[in-house]
Structure formats: C-alpha cells, structure tokens
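Subject: Structure handover

Hello,

Here is the structure I promised to pass on. My notes follow below it.

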Amino acid sequence: MLQNGLVMVAIILVINIVYVSFFTIRMILTLKGQRYMAAAISTVEVVIYVVGLGLVLDNLDQIQNLIAYALGYGIGVIVGMKIEDKLALGYITVNVITKEYDRDLPKVLRNQGYGVTSWAANGLEGERMALQILTPRKFELKLYQQIKEQDPKAFIIAYEPKSIHGGFWVKNVRKGKLFRNEKS
C-alpha cells in the first residue's frame, strides 16, 4: 500500500512540474505576442492540469497528494523559468555609458552583428559615450562580456522593448543575416 502511495505522490509531483512549466512558458509567450504558440501550448497544458488535479481531488483524504501537488507547482515555476532562460525568447535593448568617449566599442560591436547607435554624452566627470544596442536575448551575456572587455567600468542598463519597427538591423534579422557565424 505504501508503494502505491509513493507512486501516486511521484506522479502528482511530476504532472504538476510539467503543467506549471508549460503554464510559465505559455505566459511568457503570451507577453511576447506569440499567441499561436501560446495557444498550442495551452491545449497541452490544460490536459495535464485536469489529469493532475483529478488525481488530487479523487484522493483528498491523502494529505501527501496535496503536498506533492503544491511542491510540484513551486518546482514547476522554477523549471519553467529555467526553460525560458535557455530559450531566451525576444530581444533586449542595452544602454551603455562608457568612461571615455574615444573608444572603438561601437565599431567592435557592429562587427559582431549588434545594432548600435552611439552619441556623445556628458557626465559628472566629463565626456562620455552613450550607446544603445539591440540584440536577441540569446546573445545578451556575450554582449555584456564584449562591453566589459572594452570598458570594464561601463555603466550598463538592459530592458526588453515592447515593439521594434524599422531600421537596417530589423531587416537583417528577418533575412537571417545577423550572427551567422555564432554558435550559441
């Protein structure tokens, strides 16, 4: 009997981890405007949800099933976030302020395939260079590394743009021309 109880707990735990992982990914896809992919994932998600919840509701007298359900939910959130980090969906905009103006940073980054706009800026301690860089999220960490190699004291802020329109970079992304030589 204990064996069957442990199997039930394990099944409920795994089902809820999978369900909540799907839920997390679906929500992220929805927020990023990928509605058809989100809808397809939600179809699978709801089947998993009904099966998992049904197992718990059919055995409400078994507290370990409810605990497994709750633990699976929490673990599923973490797993879903990890999966989304690996998928690195969408783009980021990175604003950089360098310590000195006369850097080759924009040229280096453009040669790497990043979309870079730069301009002169003034800070508390004198002239600086400000850059705005657009990149797919999967190249985010590599971009930070490139910036820090050129200017270890650079001030960096990143955010996700809600929409992107126009410019040479967007056209090249659609044509698949950027980051051809990269292995991610």
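First, how angles are read here: axes are lines fitted to C-alpha atoms, for helices over the stretch in contact, and angles run from 0 to 180 degrees between N-to-C directions. Helices (H or I, at least four residues) and strands (E, at least two) are DSSP runs, numbered from the N terminus.

This is a predicted model, where local features need pLDDT of at least 70, side-chain atom pairs count only at pLDDT 80 or more, and totals for chains, interfaces and linings use all residues. Residues are numbered from 1 along each chain as its sequence is written, and side-chain values use heavy atoms, with hydrogens and water left out.

**The helix pair**

Helix α2 (residues 35–58) and helix α3 (residues 63–87) have axes that come within 9 Å and cross at roughly 150 degrees. So α2 is roughly antiparallel to α3. (Under 35 degrees counts as roughly parallel, over 145 as roughly antiparallel, 65 to 115 as roughly perpendicular, and the rest as oblique.)

From α2, the contact uses Y49, G52, L53 and V56; from α3, N65, L66 and Y69. Contact means heavy atoms within 4.5 Å. By class, five of these residues are nonpolar, two are polar and none is charged. (Nonpolar: Ala, Val, Leu, Ile, Met, Phe, Trp, Tyr, Cys and Pro; charged: Asp, Glu, Lys and Arg; polar: the others, Gly among them.)

Look at N65 in α3. N65 is buried, at 2% relative accessible area. (Buried is under 20%, exposed over 50%, partly exposed in between, with a 1.4 Å probe and protein chains only.) Leaving aside residues up to four places away in sequence, N65 touches M8, V9, I12, V56 and N59.

**The sheet**

Four strands make an open sheet, in the order β2-β3-β1-β4, with antiparallel pairing. Two strands pair if DSSP finds at least two bridges between them. β2 (115–123) and β4 (155–159) are the edge strands, each pairing on one side only. From one strand to the next, the twist averages 20 degrees.

β1 (residues 91–97) and β3 (residues 126–136) are joined by seven bridges. Here I92 stands opposite T135 of β3. Nine bridges pair β2 with β3, and V116 has I133 in β3 as its bridge partner. β2 and β3 form a hairpin, with two residues between them.

Eight of the eleven residues of β3 are buried. Helix α4 (residues 105–112) lies across β2 and β3, at about 165 degrees to β2. Helix α5 (residues 140–150) lies across β1, β3 and β4, at about 15 degrees to β1.

Best wishes
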